[in-house]
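Visitor: I have a chain open here and a few things to ask about it. Can we go through it piece by piece?

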Amino acid sequence: MFDDSPTNFQVPDVIIKMNGSRYQLLLTEFGRPTLIFEHASYAQFQKEVDVATKQYIQQKYAEYQMLNTSLHKRGQTLLMVAEVLIKAQWDYITGKQAYPNQLILRDIANQLQLSESTISRTIKEKSIRTPNGIYLLRSLLTKRSTTLEEGPTLTQTHIAIQTVVKEEEAHHPLSDQKIADQLKVKYDIKVARRTVAKYRQELGIANKADRK
C-alpha cells in the first residue's frame, strides 16, 4: 500500500481551510495576484492635466479595470476547478484510499462547461495545500483508465516517487537512479533514471543536491 503523503516543495496557490468536518477553498497571494492603482492620484490628475493627458490616463485606467476583471475571473475559475478536484479526490487526499479516483480533464470541462484547454491552463503549475500536505492540482487527475494488473498509471508512479522521497534519510537523499531502483524493488514499477528525473520535476521535487 502506498503512503500518499506528498512532498512539500510547492508554494500553494489554493488552500483548504477546515472548519470541523467542512472545508473552504481560499486563494493565496500566489493564486490571486493583486493590482495596485493610485486612485487618489488618478482623481487629482483628472482635474489638473490637459485634455490629451487626461485621455491617456483614462485609457490606462480602463486597461487596469480590464486586467483586474480578468485576474478576478481567473481566480474564480481556479477555485471552481479546485472544488471539482477536491470533491472527487477527497478520500485520496485525506488518506482514506491509496489512489485517486478516475478523473480526466474532460470530466471537469463537462461539469463546468469550459474547454479542456481552459482547465489545463488554469491548473498548470498550480498547487493546493490540503490536510495531508501540498499537491499539484494536475496530480489529482488520472491519465487513463486502467487496473493495477495492466500496470501502474502515471498518477500511481507519481505517488510512488513521492513516497520514496518522503521516506529517504534526510541527510542522505536518493539520486534519481536510486529512486528508480526503489520503485522497482518496492512497487514493481520499472522506469528509467531520466524518466524519474522528469516526473520528479513535474512534482516539484528538488534534485538530490538541493534536498540535503
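Visitor: Which residues are buried in α7?

Guide: Val 196, Ala 197, Tyr 199 and Arg 200 are buried in α7. Keep in mind that this is a predicted model.

Visitor: And what do the buried residues of α7 pack against?

Guide: They pack against α5 and α6. After α7 comes Gly 204, which has a positive phi, near 75°.

Visitor: Then α6. Which of its residues are buried?

Guide: In α6 the buried residues are Asp 176, Ile 179, Ala 180, Leu 183 and Tyr 187. Looking down the axis of α6, these buried residues fall within an arc of 100°, so they line one face of the helix.

Visitor: Why would residues three or four places apart point the same way?

Guide: Because an α-helix has 3.6 residues a turn.

Visitor: What sits on the face of α6 turned away from the buried side?

Guide: Lys 184 and Val 185, both exposed, are carried on that face. The buried residues of α6 pack against α5 (154-167) and α7 (193-202).

Visitor: How does the span of α6 agree with what it should be?

Guide: Helix α6 covers residues 176-187, and its 12 residues should span 16 Å at 1.5 Å a residue. The end C-alpha atoms of α6 are 16 Å apart, which agrees.

Visitor: What follows α6?

Guide: Asp 188, with a positive phi near 55°.

Visitor: Let me step back. How many helices and strands are there in the chain?

Guide: Seven helices and four strands. From the N terminus on, the order is β-β-α-α-α-α-β-β-α-α-α.

Visitor: How much of the chain is buried?

Guide: Of its 212 residues, 40% count as buried. As for contacts between residues at least 6 apart in sequence, 62% of them join residues at least 24 apart.

Visitor: On to the strands. In which sense do β1 and β2 pair?

Guide: Strand β1 (residues 14-19) and strand β2 (residues 22-27) pair in the antiparallel sense, over six bridges. Within that pairing, Met 18 stands opposite Tyr 23 in β2.

Visitor: What about the turn between β1 and β2?

Guide: The two strands form a hairpin with two residues between them. Gly 20, in the turn, has a positive phi of about 70°.

Visitor: And how many bridges do β3 and β4 pair over?

Guide: Four, in the antiparallel sense, with β4 covering residues 133-136. β3 and β4 also form a hairpin, with two residues between them. The bridge partner of Ile 128 is Tyr 135 in β4.

Visitor: Is Thr 130 buried or exposed?

Guide: Thr 130 is buried, because its relative accessible area is 7% and the cut-off for buried is under 20%. It belongs to strand β3, residues 127-130.

Visitor: What is Thr 130 in contact with, leaving aside neighbours within four places in sequence?

Guide: Thr 130 is in contact with Ile 16, Ile 93 and Tyr 135.

Visitor: Different region now. Where does Ser 115 lie?

Guide: Ser 115 is in the loop between α3 (105-112) and α4 (116-123). It counts as partly exposed, because its relative accessibility is 34%.

Visitor: Last topic, confidence. What is the mean pLDDT of the chain?

Guide: The mean is 84, and 89% of the residues reach 70 or more.

Definitions and conventions: Residues are numbered from 1 along each chain as its sequence is written. This is a predicted model: local features need pLDDT of at least 70, side-chain atom pairs count only at pLDDT 80 or more; totals for chains, interfaces and linings use all residues. Side-chain values use heavy atoms; hydrogens and water are left out. Buried means under 20% relative accessible area, exposed over 50%, partly exposed in between (1.4 Å probe, protein chains only). Contact means heavy atoms within 4.5 Å. pLDDT is the predictor's confidence in each residue, from 0 to 100. Two strands pair if DSSP finds at least two bridges between them. The expected span of a helix is 1.5 Å times one less than its number of residues. The arc is that of the directions from the helix axis to the C-beta atoms.
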